[in-house]
Amino acid sequence: MNTATPAPAACFHCGEPVPAGPRLSIRYREQEQAVCCAGCQAVAQSILDAGLGDYYAQRDRPADRAAPLADELLEQLRLYDDPALQAGFVHAEGGDTREASLMIEGIVCAACVWLNERQLARVPGVQAVSINYSTHRARVRWDNARVQLSQILRAVADIGYRAQPYDAARQEAAQEQERKRALFRLWVAGLSMMQVMMFAVPIYLAREGEIDAVWLNLMNWASGLLTLPVVLYSSWPFYTSSWRDLRRGRAGMDLPVSVGVLSAFGASLIALLAGHGEVYFDSVSMFVFLLLAGRYLETRARQKAGAALEGLVKLIPAFAHRLAGWPGDTRPHETPVGTLKPGDVLLVRPGETIPSDGTVLDGRSEVDEALLTGESRPIAKQPDDALTGGTVNRGSPLVMRVDQVGEGTRLAGIVRLLDRALAEKPRVALVADRVAGWFVAILLLVAAATWLYWHLNDPAHALPITVAVLVISCPCALSLATPAALTAATGALARQGVLVTRGHALEALSRVSDVVFDKTGTLTQGTPQVVGVTLYRSTEAEARQLAAALEAHSEHPLARALHGDTPFAAHEVVNHPGGGLTGRIGGARFAIGGAGFVARHTGQAIPPDDSGHTRVALADDTGWIADFHLADTLRDDAADAVARLRQAGLVVHLLSGDHPAAAQQVAAQLGIERVTASATPEHKLAYLKTLQHNGARVLMVGDGVNDAPVLAAADVSMAMGAATDVAQAAGDAVLYDNRLAGVPLALRTARATRRIIRQNLGWALGYNVVALPLAVAGLVTPWLASLGMALSSLIVVGNALRLAPTPGRHRNAATAPHLEK
């Protein structure tokens, strides 16, 4: 006979009664434990999956009940699974892979970032997640076949935060609302501090017994009542952050502050009720005010450091002028940019921002691309020219066709690269985070030992000294030292045309000893022209037409020089990176490319060539047909960039797949002594490995498909802004404005960043080494401790802001500062 198992009396997580009906449970230490609701089940499972199961063994009381999400909120989250709604903020990367930019509300510290990243990374189907601490923007990549966006948003909501698609206006509004709340909390703490000090100062100045006990007691009661709003309202962010960390078995940075505030106020309240003992209401109100003031200034400084990235996000306007009936009907209609589709026709008036990537259909004007590329001169635009969203039309009206919208635009790609760079933490930042986490735990033990010592030797001073210990050594400055500098430096370079796309790039750039340049498209303009033809058979016209048919299948700069009208059609074309192309025209098989490559396909000897120009050979199965001699021009800032690098003591190399004579000619013009020509991708990679084997730290600068392997293998790499997608993906930074002046500029900024990070870490560690013993010895009061903590964080952020860009200044080759040795 079966008997029903009685329902357990209490929920494993929150301790409340388990209702009758379907049973929910989790597995803890090989046993099924009942929970009262889906909310408690989700939170408990999150704690266990995160490896924090000891929380349930060590806690002294059940947690608060975790209420499940409201049906209304769940319904709202499911709306984000609509592909039409996702079009404006989700980027499809191929197959079922999706990437979105999300705004996470409720982040107050680095621990919040850690928690959200861990929570999202555990969602099945989420491939990558990174959160920018400065902007609170998250980049999430997931497999749409395994998980829906609504499930990702719900995972964030399950731990008490709110995630929604990133919107610059909404983010700005949320930040403004948070700023007002922070100011109001600060105002309440400041007003309370001033009023409490009015009672405290006479007590400090009066001689013992000068104030009657009745009046002294009344003044203490007044101080306690005035401090109550500080403890219950102004300090609330410290409590919520501490509780969130404790629920997950972590000791966060706000925990010492919370313990200090509550213990000082609690002891003062007990003394007040007992009618004897010391009260510390003035210290509580003062150090909460100073801490809030420091946090507020620190937040504003971090936002300033990330202003360059946010400025890029806000470049796209909210509305556009759509020409629904163009070319017949030219009346513009105001349309939200978020509703635009590829193929729409827009009118862009003078002075307006171009709302999306597209092509000029009608009109001639000049476009200011300074905010994107750092190029101070407007760029002329005419029909068939490409337009980039976020740039500004400075001349005459333009009619444009929309080609890309939302996450498919060039500007969105830039923001994704910057987000990735700011979210990827270099080794020094990870070490600092780990040290800060251990430091909080050690600090709590030191505070406990301090209280015990002073309680046994001088009980009257045990509490204020312990509070000073808890407050003075909070490791905020240590955690801010690296990310503040990296954010400021990345923003500075972005404003000047250099996009740092990986977090380790600045650290690696600061240690570079050798710089290796590709030639075509990197040191040169990459737009060579045919300056001569050597014929072995056939006519020049036919040779050009055969070459054009083959090179129509390539976008390499040398190939574009041979594009043109041709009656021939090439089939079965195969691209051989670093060599050339093979294909069939009619019944014959042709090869075009480097002389050595063509010779291997024809089996014939290479005809001599002493022209000194780049050589592109053409042959078929029967033999050599023609040589095309191409010449390219140097970039206008190439000589200056190479000179600055050499002045800084760096070794400069030219590594090219081009003809030796052409490579030597460029090297001679630029003063480069180490030249390797006719290099295949395999030879380039071997050359790089040899340098690294000999102890060199190599920066590789290139632009082509054949440069992708060596860009990926270098210690750090830069791709030109006009480079192929493969080269840009392999690079750690992108010279978005195609100016080589960005190379010495990036190296100089990287060295300055390394110096400032060392200064910040040195200050943060040195401050704690000095401050903590002073506090333990009883030489620092609680209010002075809070002032020291706030100033410590502000000094770190302020020092990092020296790297931040100055609005309105753009770099060019003439004004770029010299690279320090």
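In the predicted model, arginine 139 is buried, with a relative accessibility of 7%. Glutamate 99 is likewise classed as buried, at 6% relative accessibility. Between arginine 139 and glutamate 99 there is a salt bridge, in which the closest N and O atoms are 3.8 Å apart. Arginine 139 belongs to strand β6 (residues 137-143) and glutamate 99 to strand β4 (residues 97-105), so the pair ties together parts that lie 40 residues apart in sequence.

A salt bridge also forms between the side chains of arginine 739 and aspartate 636, with an N to O distance of 3.8 Å. This pair links distant parts of the chain, 103 residues apart. Arginine 739 is found in the loop between β29 (733-735) and α28 (742-776), whereas aspartate 636 is found in the loop between β24 (623-631) and α23 (638-647). Arginine 739 is buried, at 12% relative accessibility, while aspartate 636 is exposed, with a relative accessible area of 59%.

Within helix α23, aspartate 640 and arginine 644 are 4 residues apart, which means that about one helical turn separates them. Their side chains meet in a salt bridge with an N to O distance of 2.7 Å. Aspartate 640 is partly exposed, at 29% relative accessibility, and arginine 644 is buried, with a relative accessible area of 6%. Salt bridges with shared partners also join Glu99, Arg139 and Arg141 into one network. The count for the model comes to 14 salt bridges.

An open sheet of 7 strands shows mixed pairing, in the order β17-β29-β28-β27-β18-β25-β26. Strands β17 (498-500) and β26 (674-676) stand at the edges and have a single partner strand each, so one side of each is left without a neighbour in the sheet. From one strand to the next, the twist averages 20 degrees. Strand β28 (residues 716-720) is joined to β29 by 3 bridges, and these two strands run parallel. Opposite methionine 720 stands leucine 735, a residue of β29. Helix α25 (residues 681-693) lies across β18 (514-517), β25 (651-655), β26 and β27 (698-702). The direction of helix α25 is at about 160 degrees to that of β25.

Helix α10 (residues 254-274) contains 21 residues, and its first and last C-alpha atoms are 30 Å apart. This span is close to the 30 Å expected at 1.5 Å a residue. The buried residues of α10 include Asp254, Leu255, Pro256, Val257, Ser258 and Gly260. Val261, Ala264, Phe265, Ser268, Ala271 and Leu272 of α10 are buried as well. Just after α10, glycine 275 adopts a positive phi of about 85 degrees.

Helix α16 (residues 459-472) has 14 residues, which at 1.5 Å a residue should span 20 Å. The end C-alpha atoms of α16 are 21 Å apart, in agreement with that expectation. Helix α16 is mostly covered, since 11 of its 14 residues are buried. Among them are Ala462, Leu463, Pro464, Ile465 and Thr466, and Val467, Ala468, Val469, Leu470, Val471 and Ile472 of α16 are also buried.

Technical notes:
Residues are numbered from 1 along each chain as its sequence is written. This is a predicted model: local features need pLDDT of at least 70, side-chain atom pairs count only at pLDDT 80 or more; totals for chains, interfaces and linings use all residues. Side-chain values use heavy atoms; hydrogens and water are left out. A salt bridge is a side-chain nitrogen of Lys or Arg within 4 Å of a carboxyl oxygen of Asp or Glu. Buried means under 20% relative accessible area, exposed over 50%, partly exposed in between (1.4 Å probe, protein chains only). The expected span of a helix is 1.5 Å times one less than its number of residues. Two strands pair if DSSP finds at least two bridges between them. Axes are lines fitted to C-alpha atoms, for helices over the stretch in contact, and angles run from 0 to 180 degrees between N-to-C directions. Contact means heavy atoms within 4.5 Å.
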